[in-house]
Amino acid sequence: MLQVAKKILGKNRRRELSYCVRKFSNDGSSKDDPNRTHSSRVEANRENPLTRTLNILGSDMKKVKNFIFPKGKPAPVENVSDYLEKYRREDFQSHCDVLVIGGGGVGSSIAYWLKKRARKGLNVVVVEKDSTYQEASTCLSVGGLRQQFSIVENIQMSLYGAEFLRDVKELLGNDVHVNFTPYGYLMLASEHGAEQLQENSKLQNVLGAKNEILTPARLKERFPWMNTEGIALGCHGLEKEGWFDPWALLSGFKKRAIEYGAHYVEGEVVGFEFRTMHDVMTDGVNFGQYQGLDKAYVRMKNGDIRDIKFSLVVIAAGAQSGSVARLARIGTGKNILSVPLPVEPRKRYVYVFRCQNDNGPGINTPLMIDPTGTYFRRDGLGGNYLGGKSPSLEEEPSSDNLDVDYSYFDSHVWPNLARLVPNFEAIKVNNAWAGYYEYNTFDENGIVGPHPYYNNLYIATGFSGHGIQQTPAVGRAMAEMIIDGEFRTIDLTRFGFDRILVDQPLYESNIV
Ligand SMILES: Cc1cc2nc3c(=O)[nH]c(=O)nc-3n(C[C@H](O)[C@H](O)[C@H](O)COP(=O)(O)OP(=O)(O)OC[C@H]3O[C@@H](n4cnc5c(N)ncnc54)[C@H](O)[C@@H]3O)c2cc1C
């Protein structure tokens with residue numbers, strides 16, 4: 001009985017092996033190969049059957065490897081640009097599940113979170129018009145992180161921003177160096193703003209931030225180089241505040257999103273294709289008249305216009321978000337569509353300066369914001385500082401270009417700096433740059449979530465000067481909204497577009 005079982009088992013196992021050999025072999029190395037010589041067959045027959053099979057398998061694997069990775073030089077490419085264009089075209093995704101417009105800090109964080117969670121389950125395409133990010137707010141920002149806000153959601157998002165940056169190596173990888181510099185903010189209030197400062201501080205501490213209220217006497221004790229005249233109170237961050245390299249954070253999001261399978265396309269979204277959807281009814285619109293969004297037209301670097309069909313689109317185009325929304329008739333249509341996305345570019349200057357004789361505030365200098373909104377902080381350890389001040393509505397400079405107005409420093413920034421730090425009487429501006437706030441003219445806060453008219457359009461923009469620290473939270477929230485259909489961690493419902501429709505602004509008292 002045992003002998004019979006062994007025989008059958010042996011026969012079956014041989015069959016299995018010879019099947020494997022035939023399956024993987026395309027060159028006749030199996031025992032059925034008519035080209036093999038008789039002597040080699042005899043020789044092979046003398047071998048242990050297992051060794052023989054392993055040898056055959058080994059040689060087959062080599063052949064498979066050579067087939068997949070052929071040796072020798074590849075055929076020369078005659079025209080490199082044609083070749084690259086062909087490659088790009090082949091890589092171009094003409095269909096996707098989620099199309100993200102704008103690959104800055106916000107768009108790249110959304111792509112990262114979507115792909116981190118859904119991997120192959122979602123095809124995510126990010127269209128970015130300038131892969132050098134020359135004018136992107138993210139790269140021109142000063143990278144500050146604070147919890148000193150007045151709105152719960154802003155505090156929560158920045159708390160999560162701090163947590164994300166603390167664990168950034170774990171989350172984005174060891175090759176991402178955001179260089180977080182942990183220094184608290186010091187927000188100063190005059191008599192007029194003192195009560196609000198105290199209230200805000202209470203709320204911030206309840207939510208998990210750590211800061212303390214300082215009287216002028218305590219301020220002077222801590223920061224002897226400061227003039228406390230006209231200052232009623234200060235709020236000093238003790239933890240989870242500081243500044244970091246926004247470019248490194250953006251690159252980290254982008255790198256990991258691409259690794260997880262997101263596709264980045266260099267091109268500008270210049271229009272949308274609409275599709276009549278018969279089975280949808282929206283406010284004020286009859287059946288059969290709903291025009292949904294179907295495709296985006298993208299102008300490629302070489303001027304070609306290509307289209308990408310999507311299931312869902314996210315506007316994360318920073319300062320240009322209002323104009324991208326107009327392409328989708330937001331603000332130019334009827335009923336709900338008559339309400340624009342109130343986001344536009346507003347130019348902000350950042351000046352880098354030095355104190356004469358290097359006698360400015362030392363290493364223990366927080367990021368100071370005085371009651372006029374003038375701010376400064378150290379920039380590295382070499383005696384440089386950077387600072388600025390948002391202009392009032394009447395002083396808003398043109399946003400046609402990013403030229404710097406140095407006279408604005410002399411007239412609007414320097415007098416406030418010199419009042420706060422008497423040693424700043426003698427300073428020299430070494431450098432300066434300008435960037436665009438993606439300014440929400442409605443209430444200077446983020447607009448995050450689905451659009452009330454289009455069932456496949458989402459928005460993440462309008463952060464008005466405090467958006468880079470919120471990118472981890474916003475990306476995560478958008479991924480929740482898209483994948484789970486609701487906010488799961490930080491509830492950003494109040495940040496939705498609906499507040500604009502019902503005219504309920506969400507004012508943040510600590511705008512810089
Ligand atoms: C001077 C300055 C200082 C700041 N300081 C801070 C700070 O201390 N802390 C803080 O948290 N925040 C700060 N911010 C704000 C912060 O930088 C922004 O809130 C944040 O970077 C916005 O990111 P984003 O991705 O929305 O915008 P962006 O980084 O501008 O990215 C949007 C991208 O969309 C692309 N795009 C636009 N239109 C199209 C189109 N039609 N098709 C394809 N792509 C398109 C653009 O090329 C751009 O790359 C500051 C901003 C400035 C200007």
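**Hairpins, sheet and helix packing**

Reply: In this predicted model, β12 and β13 form a hairpin in which five residues lie between the two strands, and Gly373 in the turn has a positive phi of about 90°.

Me: Which residue of β13 is the bridge partner of Ile369?
Reply: Strand β12 covers residues 367-369 and strand β13 covers residues 375-378, and the two run antiparallel, joined by two bridges. In β13, the residue paired in this way with Ile369 is Tyr375.

Me: Which residue in the turn between β13 and β14 has a positive phi?
Reply: β13 is joined by four bridges to β14, residues 384-388, and these strands run antiparallel, with Phe376 standing opposite Gly387 in β14. β13 and β14 form a hairpin with five residues between them, and the residue in the turn with a positive phi, of about 80°, is Gly380.

Me: Which strands stand at the edges of the open sheet, and why is one side of each left without a neighbour?
Reply: Eight strands form the open sheet, with mixed pairing, in the order β5-β6-β4-β12-β13-β14-β11-β15. A strand with a single partner has one side left without a neighbour in the sheet, and this is so for the two edge strands, β5 (211-214) and β15 (427-440).

Me: By how many degrees are neighbouring strands of this sheet turned against each other on average?
Reply: The sheet in question is the open one, made of eight strands. With direction ignored, its neighbouring strands are turned against each other on average by 20°.

Me: Which helix packs on the sheet, touching β4, β5 and β6?
Reply: Strand β4 (residues 185-189) and strand β6 (residues 233-237) run antiparallel and are joined by four bridges, and Ala189 stands opposite Leu233 in β6. The helix that touches β4, β5 and β6 covers residues 194-207, its direction makes about 25° with that of β6, and it is α9.

Me: Are α5 and α14 oblique or perpendicular to each other?
Reply: Helix α5 (residues 105-118) packs against helix α14 (residues 471-483) at an angle of about 50°, and their axes are 8 Å apart. Angles of 65 to 115 degrees would count as roughly perpendicular, and the angle here is about 50°. The two helices are therefore oblique.

Me: How many residues of the contact of α5 with α14 are nonpolar?
Reply: The crossing of α5 and α14 is right-handed. Among the residues that make the contact are Val106, Ile110, Trp113 and Leu114 of α5, together with Val474, Met478, Ile482 and Ile483 of α14. Four residues of this contact are polar and three are charged, while the number of nonpolar ones is 11.

Me: Is the crossing in which α5 passes α11 left-handed or right-handed?
Reply: The axes of α5 and helix α11 (residues 246-259) come within 8 Å and cross at roughly 35°. Residues including Ser108, Tyr112 and Lys115 in α5 meet residues including Leu250, Phe253 and Arg256 in α11, and the contact divides into five nonpolar, three polar and three charged residues. The crossing is left-handed.

Me: How is α7 placed relative to α14, roughly perpendicular or roughly parallel?
Reply: The axes of helix α7 (residues 152-166) and α14 come within 7 Å and cross at roughly 105°. Angles from 65 to 115 degrees count as roughly perpendicular, so α7 is, relative to α14, roughly perpendicular.

Me: Over which residues is the pLDDT below 50?
Reply: The protein chain averages a pLDDT of 87, and 80% of the residues score at least 70. Where pLDDT is low, the predicted coordinates should not be read in detail. One stretch with a pLDDT below 50 has 27 contacts in the model beyond near neighbours in sequence, and it covers residues 1-46.

Terms used: Residues are numbered from 1 along each chain as its sequence is written. This is a predicted model: local features need pLDDT of at least 70, side-chain atom pairs count only at pLDDT 80 or more; totals for chains, interfaces and linings use all residues. Side-chain values use heavy atoms; hydrogens and water are left out. Two strands pair if DSSP finds at least two bridges between them. Axes are lines fitted to C-alpha atoms, for helices over the stretch in contact, and angles run from 0 to 180 degrees between N-to-C directions. Contact means heavy atoms within 4.5 Å. pLDDT is the predictor's confidence in each residue, from 0 to 100. Angles under 35 degrees count as roughly parallel, over 145 as roughly antiparallel, 65 to 115 as roughly perpendicular and the rest as oblique. A crossing is left-handed if the near helix is turned anticlockwise from the far one by less than a right angle, and right-handed if clockwise. Ala, Val, Leu, Ile, Met, Phe, Trp, Tyr, Cys and Pro count as nonpolar, Asp, Glu, Lys and Arg as charged, and the others, Gly among them, as polar.
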